[in-house]
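Reader: I'm new to this one. Could you walk me through it, feature by feature?

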Amino acid sequence: MWFSENDFLGCFGEENPVASFKSAIAKENAHLKLRFNPDKATTGLLTEKAHFIDNLLQACWKHFMGACDTHHGLVATGGYGRGELFPYSDIDILVLLDPACAEDYREAVAGFANFLWDIGLKPGLSTRSVAECLQTAAADQTVFTSLLEMRLIAGSTTLFETLKQQVNSDTLWPSEKFFPAKLSEQERRYAKFHDTAYNLEPNIKEGPGGLRDLQVISWVFKHHYKAASLRELIKYGFLPKSEYDNLITARDILWRLRFALHNLTGRCEDRLLFDYQRELAAQLGYFDANDQPDVEQFMQFFFKTVVDIERLNEMLLQLLNEKLISNKESLNPIPITANFSSIDGYLEASNKDVFQKQPLALLEIFLILQQSPSLKGIRASTIRLIRKSLPLIDEEFRQNKRANRLFMDILRQPRGITHQLKRMNRYGILAAYLPDFANIVARMQYDLFHIYTVDEHTLFVIRNLRRFSLAKHNKELPFCNNIFLLISKPEILYIAALFHDIAKGRGGDHSTLGETIARQFCQQHELPSSDTKIITWLVRNHLLMSMTAQRKDISDPDIIHDFALHVGSIEYLNYLYLLTVADIRATNPSLWNAWKDALLKELYISTHQALHRGLLNPMARSERLEENRKEAREELIKLGLSPTSIERSWQHVSDDYFLRYSGDEIAWHTVAIAACHDHELPLVLLRPQTLRGSAEIFVYARNEVQIFSICTATLDQLGLTILDARIITTADQYVLNSFQVLEQSGKPITDLHREVHICTSLRHGLLTKTVKSSKNIHKQSRQAKHFPIKTTLTYLENPSHKHTILELVTTDSAGLLSTIGRAFTEQNIQLHDAKITTIGSRAEDMFYISALDGTPITDQHQRQALRDTILQLLSG
């Protein structure tokens, strides 16, 4: 499909030019979509779209500018200036003004710009004289960058050549100034993506390893060498032809993906959203095979492409730095070892045969970097040698005891562990040395809980553990830093982290499979049996602490005792706690909050006390209960309540209440209840910050079947996330319900007006038995629909045999807890406690329930009736 400039000029003579232009654009996009083949390069299509827009703009320019169309200039900049235009890319253009006839352009340019918007082009348009362009470019390197690849579309050649000559001179932004500016810009861009491209919905343009990385190379190289294309990287000795071919292949892959994304979305979309990953996988020929879903194979292919670009970007920017910035003296080799020298701060192999003659140097080089913190990294030529020498890391290499000692030395260094493991992963060393690690490289975990690839998540866990050891990070999690000081062998933690998810994607329980792999590693590397025992135990049980904290009642001494029995010692507890915190914080930055921090800390402290006390001498429930009563009574007497008033407030409360609430919480409740009269009920209180890092909402009212359902529905409508619910019913039929909540953002409640609104709304709902509609209602995330979770209801054994435990696993949704509350009401079920766990879009909730008379629900017919009711209400 082709539209010439004359075709477009003819459209202005039609009755509705806007409709004609829109039609032409739609036809061109449809034509490009039809011609697009995901198996072939898109270069021709990008050029065709640019030519199409050239003709369109030339016609519009002539029509609107009239007699002054040759006085001023229309210039393409940015990607459009390169002649690379994707179906729905923005059109970056510059109107270059001639100051000698500036008065005749304003109305014409306004008409030109408005028409482009009317036909849907969304131009990025600036209007400047040559002098203004140079002034702005001198002050802003991003403006200068956009002018590096400018192209004249229409108008004054003289103005364009004048600007081009000035931009291409070395005076405006000399290379020694331009290069650091682009490097700094890239670092800031990387930081926006947490320095990783390996997340669930990567940005193929701006993310690390994306198209922007290639453009940075292009801008710096072309500016300095006045090169016409990147192919001249070969001419100037920056890349051998094989690496240049790899670079172009990787670029073409990302071009194809970006083109396909534009076609699928009908907009300028550069994120690989869940909505399109499966369709893109199908377009590129992937299909489910060997228990590997098509989308996982496709994304693994994408991430391996990205790591190639990242590596080439690192090498080329380093080489350009040597040529453009470094002085000659710094390029003189400084011997470091017999095998390596330092050139400009980068390690260089002493000769091309180093790794062939001494394969163990493939590990030694990373140890040298750790031991010499002044070194900046590995020189590009040596990175090439490493990549070329990867086949040398064979089974004989892996069994070599010197190699094993080198690897352990890397893990035992006081600095640089995270940086070098990341570098080893990027260069392929880690996957070569640990073949099981190769299985998780670039592997996604499709659960909305882990947002990074498995290998990237693993390295983030190690990074988090390292931060616990550093005083400069003490303010982040001081409790973890203090516990890390008690660790005798930090490498035990790093090895456990390295293997905790290594069996992901293999089918079966990755924890038990990983335990076997970790044991083989420990035996091969001749670790002491005691270290091996801790490492394998940690890999097998790395989820134990988080699951216990989030799914069990850790105020129950029996739960703490069982957990302490499983852990066995304070040493194991220290290791497990640190690994658990590091693991959760490495899954998704938004998942860690004050609630999880406080919950895990509480479990650690209670377990530490139990282990210190002795597993053969566990704290009895009655002992814990009496401690809480005593602490609360002492606090209440300080506040002026008489012993008689205190006992009167407590006379109908069961022992469970004193077991499940701390002395501080009991005192807070009691003060409010003692001052409250029956006609003032329901009582609703809110504490914005508790010891668990969340807000606590406390409800005291006469017992009615709908209370839990109304409370949960109201809190949901108010945009709050319920983290925990505790329900107590007194002997004289009053309820003491408390809910631990955070804002949906994961932040605590900080606004006084918000606190008042929550309490007022909840009290109104309880009085009227209704839930007021609100615009703040929780909505399911866009991504959640791509991860449908089958609803399962399971009755679990309760060690205390006091209540029946019902486990619900389903997709988290608005009003979920309210719906469950309705089911309990309909089936005459009494709720005593609830453990609320949300992992991504997956809800894993535990409900401690009984019949209305307080006895466990053992009748199978009653259990089935409750299950059917819940499933029916959830499906409705």
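This is a predicted model: local features need pLDDT of at least 70, side-chain atom pairs count only at pLDDT 80 or more; totals for chains, interfaces and linings use all residues.

Reader: Which residues of H5 are buried?

Author: First the general idea: an α-helix has 3.6 residues a turn, so residues three or four places apart point the same way. Now the case here: Ala108, Val109, Phe112, Ala113, Phe115 and Leu116 are the buried ones in H5. Look down the axis of H5 and those buried residues fall within an arc of 160°, so they line one face of the helix.

Reader: Which exposed residues sit on the face turned away from that buried side?

Author: Arg106, Glu107 and Trp117. As for the buried residues of H5, their cover includes helices H2 (17-35) and H3 (43-65), along with strands E1 (73-76), E2 (91-97) and E3 (123-129).

Reader: Now salt bridges. How many does the count come to?

Author: The count comes to 46 salt bridges. Take Glu206 and Arg212: their closest N and O atoms are 2.8 Å apart. Glu206 is partly exposed, at 23% relative accessible area, while Arg212 is buried, at 18%.

Reader: Which helices hold Glu456 and Lys422?

Author: Begin with the bridge: Glu456 pairs with Lys422, with the closest N and O atoms 3.5 Å apart. Glu456 lies in helix H23 (residues 454-468) and Lys422 in helix H20 (residues 417-427), so this pair ties together parts that are 34 residues apart in sequence. Glu456 is buried, with a relative accessible area of 5%, whereas Lys422 is partly exposed at 24%.

Reader: What about Arg726 and Asp724: buried or exposed?

Author: Arg726 is buried, with a relative accessible area of 5%, and Asp724 counts as buried too, at 3%. Their side chains meet in a salt bridge, 3.9 Å from N to O. Salt bridges can also share partners: Arg82, Glu84, Glu149 and Lys222 are joined that way into one network.

Reader: On to the nonpolar cores. Which residues have the most contacts inside the largest one?

Author: Phe407, Leu465, Phe499 and Leu578, in a core of 181 residues. Helix H14 (residues 294-324) gives the most to this core, with 15 residues. Another core lies apart from the largest one; it has 44 residues, among them Val699, Val741, Leu793 and Leu831.

Reader: How do I read a sheet?

Author: Strands of a sheet pair through backbone hydrogen bonds, either parallel or antiparallel. Here, 4 strands form an open sheet in the order E5-E6-E7-E8, with mixed pairing. E5 (334-335) and E8 (377-378) stand at the edges with a single partner strand each, so one side of each is left without a neighbour in the sheet.

Reader: In what sense do E5 and E6 pair?

Author: Antiparallel, over 2 bridges. Pro335 stands opposite Ser341 in E6. Ser341 is buried, with a relative accessible area of 15%. Beyond its neighbours within four places in sequence, Ser341 is in contact with residues including Pro333, Ile334 and Tyr346.

Reader: How many residues of strand E10 are buried?

Author: For E10 (residues 695-702), 7 of the 8 are buried, so this strand is largely enclosed by the rest of the structure. E10 pairs with strand E9 (residues 683-687) in the antiparallel sense over 5 bridges, and there Arg687 stands opposite Glu696. E10 also pairs with strand E12 (residues 734-743), again antiparallel, over 8 bridges. In E12, Val735 is the bridge partner of Ala701.

Key:
Residues are numbered from 1 along each chain as its sequence is written. Side-chain values use heavy atoms; hydrogens and water are left out. Buried means under 20% relative accessible area, exposed over 50%, partly exposed in between (1.4 Å probe, protein chains only). The arc is that of the directions from the helix axis to the C-beta atoms. Contact means heavy atoms within 4.5 Å. A salt bridge is a side-chain nitrogen of Lys or Arg within 4 Å of a carboxyl oxygen of Asp or Glu. A nonpolar core is a set of buried Ala, Val, Leu, Ile, Met, Phe, Trp, Tyr and Cys residues joined through side-chain atoms within 4.5 Å. Two strands pair if DSSP finds at least two bridges between them.
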